[in-house]
Amino acid sequence: MASDKPLPFIYQFGAGAVAGVSEILVMYPLDVVKTRVQLQQGKGLGEEGYNGMMDCFRKIIKNEGPSRLYRGIAAPIMMEAPKRATKFAANESWGKFYRNLFGIAKMDQKLSILTGASAGATEAFVVVPFELVKIRMQDRASAGRYSGIIDCVTKTVKAEGPLALYNGLESTLWRHILWNSGYFGCIYQVKAWLPTADAKSQQIRNDLISGSIGGTIGTVLNTPMDVVKSRIQNSPKIAGSIPKYNWAWPALGTVFREEGFGALYKGFVPKVLRLGPGGGILLVVFTGVMDFFRKMRAEA
């Protein structure tokens, strides 16, 4: 999304890595809260349940200590470099492919949505194993089950087989397709509405506004699939039995039928508070690092 001539993939990888790690370090506790609320079935009652974002924050800190808000962070940090690099690099690559395919010289909003969806599908294949480990590490019920990431991977593979690491692939595809199409589609349109940036500070302003709006719209679109993905990935595969949450759309129907429409937006507040501003942080840092790389290459 940075301006001027596209840089080679290795520079996009580096910029995406810096942007992703920056965003996750700032926003990760909100992701832990979001996952806890999403995994809770029914209403949160008593000391073990959560009746909202602030109640979840309070109980985690009170009952488990502040460090629990960063439990499982190693998996997403390891994931951020390839994930964010894939997000932005795939978006650029798919954009070039579709422009050639349709004979269009410049991007428009429809093409931005299509390239975003394609980038999201590409990204999903990279992140599924990391997401599964993160979800299982964040779940309160598994607090004493796994001693760390390697232990979680080892026990999952031993008990459920290596393909278990790709549980929830379908729902993850839908989650990333919806978020990325909303994110990149909004960035294109919002930037078109904003005044042209004539200075670095104005560019940062435009990136922050468009990225934050894009992150918010993407979150509105994909939260139901995120709820379903969390349920699917936290359901161990047991031989001879069919998991309650298995495929994305049937699982969506199950949650709606048993818990109501509101359950499809469980964890929405911490999620949007993370990915709204987080979308802005991603775009600002990515653009800034790409501009730094351009300057470095020009001076070399």
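The bend at a residue is taken as the angle between axes fitted to the seven residues ending there and the seven starting there, and helices (H or I, at least four residues) and strands (E, at least two) are DSSP runs numbered from the N terminus. The model is predicted, with local features requiring pLDDT of at least 70 and side-chain atom pairs counted only at pLDDT 80 or more, whereas totals for chains, interfaces and linings use all residues. Residues are numbered from 1 along each chain as its sequence is written, and side-chain values use heavy atoms, with hydrogens and water left out.

In helix 7 (residues 200-233), a kink of about 55 degrees lies at Asn-222, shortly before the proline Pro-224. Although helix 7 has 34 residues, its end C-alpha atoms are only 42 Å apart, short of the 50 Å that a straight helix would reach at 1.5 Å a residue; the expected span of a helix is 1.5 Å times one less than its number of residues. Helix 3 (residues 74-102) also contains a kink, of about 45 degrees, at Glu-80 and shortly before the proline Pro-82. Just after helix 3, Gly-103 adopts a positive phi of about 65 degrees. In helix 9 (residues 268-299), a kink of about 30 degrees is centred on Gly-278. The 32 residues of helix 9 should span 46 Å at 1.5 Å a residue, in agreement with the 45 Å between its end C-alpha atoms.

Two packed helices are described by the angle between their axes and the distance between the axes. Here, axes are lines fitted to C-alpha atoms, for helices over the stretch in contact, and angles run from 0 to 180 degrees between N-to-C directions; angles under 35 degrees count as roughly parallel, over 145 as roughly antiparallel, 65 to 115 as roughly perpendicular and the rest as oblique. The axes of helix 7 and helix 8 (residues 248-259) come within 9 Å and cross at roughly 100 degrees, and the two helices are therefore roughly perpendicular to each other. Contact, meaning heavy atoms within 4.5 Å, joins Pro-224, Met-225, Val-228, Arg-231 and Ile-232 of helix 7 with Ala-248, Trp-249, Ala-251, Leu-252, Val-255 and Glu-259 of helix 8. By class, this contact has 9 nonpolar, no polar and 2 charged residues, where Ala, Val, Leu, Ile, Met, Phe, Trp, Tyr, Cys and Pro count as nonpolar, Asp, Glu, Lys and Arg as charged, and the others, Gly among them, as polar.

The axes of helix 1 and helix 9 come within 7 Å and cross at roughly 170 degrees, which makes helix 1 roughly antiparallel to helix 9. The contact between helix 1 and helix 9 has 20 nonpolar, 7 polar and 6 charged residues. Gln-40 is placed in the loop between helix 1 (9-39) and helix 2 (53-64). With a relative accessibility of 13%, Gln-40 counts as buried, a term that denotes under 20% relative accessible area, with exposed over 50% and partly exposed in between (1.4 Å probe, protein chains only). When its neighbours within four places in sequence are left aside, Gln-40 is in contact with Gly-49, Tyr-50, Arg-231, Glu-259 and Lys-266; Arg-231 and Glu-259 are also among the residues through which helix 7 and helix 8 meet.

Helix 6 (residues 169-193) contains Leu-169, which counts as partly exposed at 22% relative accessibility. Beyond its neighbours within four places in sequence, Leu-169 is in contact with Ala-124, Phe-125 and Val-128. His-176 is likewise placed in helix 6 and, at 5% relative accessibility, counts as buried. Not counting residues up to four places away in sequence, His-176 touches Lys-83, Gly-120, Glu-123, Ala-124 and Val-127.

The C-alpha atoms of Ile-149 and Phe-130 are separated by 9.4 Å, the two residues lying 19 residues apart along the chain. Ile-213, in helix 7, counts as partly exposed at 35% relative accessibility.
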